[in-house]
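Please look over the sequence and the structure shown here before reading on.

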Amino acid sequence: MSLDSITTTIDDAVSDFFDPVATTVGDIVFYTVPVAGTDLPLIVAWLVIAGLVFTAWFGLIQARKLKLAFDVVRGRYDEKDSPGEVNHFQALTAAVSGTVGLGNIAGVAVAVSIGGPGATFWMILCGLLGMATKFVEVTLGVKYREQHPDGTVSGGPMHYLPKGLAERFGRGGAKLGKVLAVLASVMILFFGLFGGNLFQTNQSYAQISSTFGGEDGFLASSAGAVLFGLVVAALVGLVLLGGIRSIASVTSRLVPAMAIMYVLACLVVILVNVTAVPDAIGTIFQGAFEAEGVAGGVIGALIVGFQRAAFSNEAGLGSAPIAHSAVKTKHPASEGLVALLEPFIDTVVVCTMTALTIVIAAPASWDAAREGNEIGGVTITSDAFETVLPWFPNLLTVAVLLFAFSTILTWGYYGLKAWTYLFGRSKVSETVFKAVWSVFVIAGSLLSLDSLISLADSALFLLSVFNIIGLYLLAPVVKRELNSFLTYVRNRHSGAAEADAGPAEPETAKAP
């Protein structure tokens, strides 16, 4: 039996087993109610409402403290001997590497195809609201993180839910927090293995084989897929062995480089078609309130925009606090402010650039997708770039590989923290997880397992249910931490002002 037939048999068997499970769970998690002629998934409304509540609770913090957030990233308020493993910039890039990825390339194309250009407006709004949610969850992640004797740090919902709720509500809060923490860990682990690993490898392999191999090339064969999977697994394993310091070291270089490359390419397309920019912006705003897409109507564009933005920036899902918890700081709210930049970078900047590029270029594949044909995802984005840069699909393949690799690394770290919370933190436990993770990297290049990806997406959104319950209950704690950090900032400024003024002049002695 050939390798191709073996992998096909395994793929079919796994899909046949999980298809009914994925359908049932998906129907529950993405339960919809009819709104203005379309269906609104309640889980999307849950995330949006959280963004609205936290935006109001913290007085539009994403606008008021944006400059302070950039100052913290630059290291302006760093303190020596702060506990943690990485600096603010490295923590930010490690977390952004888990969100900036294929969703920004393919997911945006899906959004503007299904919801029309107007979906872009709602994506931006959702990203802005998500900044406040991200601030809350990351502040809690740093406050209730666990520091190990070897200097490493563990954080995330599996730590701040039980500790924070026990601190606020005693024994009852501890029980609720423990249940929520276990459920959150299971969801993180499941999505990490299938969505953060298998899906990333699968899509990056599909892109590289179609661009450089073709249907009859070596890369398109199962042997080529195995070789690709082995190479990626080896690289991932080497970085994971180094822990968050190694991951942050890689992502702090990889993420800015690939983001700059991608945004520059978007700018080239936009500048070449600069005369079309005003009309494109007008189309986006008009479409937001007079939507014309497959979904149809304003509510359809709104739902698609919010849903794709939530998938992309993960605000409220509890994943990013795991990476941010490793930061070197004595003030949890300082990293919360850094984290609110994530949805801004991911959704407001990168996703918007992708959408604007597609709307301006208007490739034929986008028109076909808006008519309901089965063309979409990265194909549309690639075709949009090709209208100006015929060679860019090759470079886009490199970007897809970099995005996928950084996402696999970050979710490998997230998955490891969830695994050790559930099964114990020991060398044996960690080694078992890393071995399983590497096997999934190889499998990702061989199998499609669409039903498992659907199930993993359900798990990711279930995270928001468990996580946001805790965020609401612990919001007063975040408020105190924010006030504490702002007091520290004011004291730093007043101290600097006194130092600049120099010592006071001694009084002249009076004559007797």
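Predicted model: local features only at pLDDT ≥ 70, side-chain atom pairs only at ≥ 80, totals over all residues.

**Helices, their faces and their contacts**

Residues are numbered from 1 along each chain as its sequence is written, and side-chain values use heavy atoms, with hydrogens and water left out. Helices are DSSP runs (H or I, at least four residues), numbered from the N terminus.

- In α2, the residues I43, V44, L47, V48, A50, G51, F54 and T55 are buried, where buried means under 20% relative accessible area and exposed means over 50%, with a 1.4 Å probe and protein chains only.
- Seen down the axis of α2, these buried residues fall within an arc of 150° (taken from the directions from the helix axis to the C-beta atoms), so they line one face of the helix.
- An α-helix has 3.6 residues a turn, so residues three or four places apart point the same way.
- Just after α2, G59 takes a positive phi of about 60°.
- In helix α11 (residues 277–289), the buried residues are V277, A280, I284, G287 and A288.
- They cover an arc of only 110° around the axis, which puts them on the same side of α11, whereas P278 and D279 are exposed on the other side.

**Helices that pack together**

- Helix α7 (residues 119–143) packs with helix α15 (residues 341–361) at an angle of about 170°, their axes lying 8 Å apart; axes are lines fitted to C-alpha atoms over the stretch in contact, and angles run from 0 to 180 degrees between N-to-C directions.
- The two helices α7 and α15 are therefore roughly antiparallel to each other, a term that applies to angles over 145 degrees.
- Among the residues of α7 that meet α15 are T120, M123 and K134, and the α15 side includes E342, F344 and A355, contact meaning heavy atoms within 4.5 Å.

**A buried lysine**

- K417 has its place in helix α18 (residues 392–423), and K417 is buried, with a relative accessible area of 10%.
- Not counting residues up to four places away in sequence, K417 touches V153, S154, M158 and I322.

Terms used:
Expected span 1.5 Å × (residues − 1). Parallel < 35°, antiparallel > 145°, perpendicular 65-115°, else oblique.
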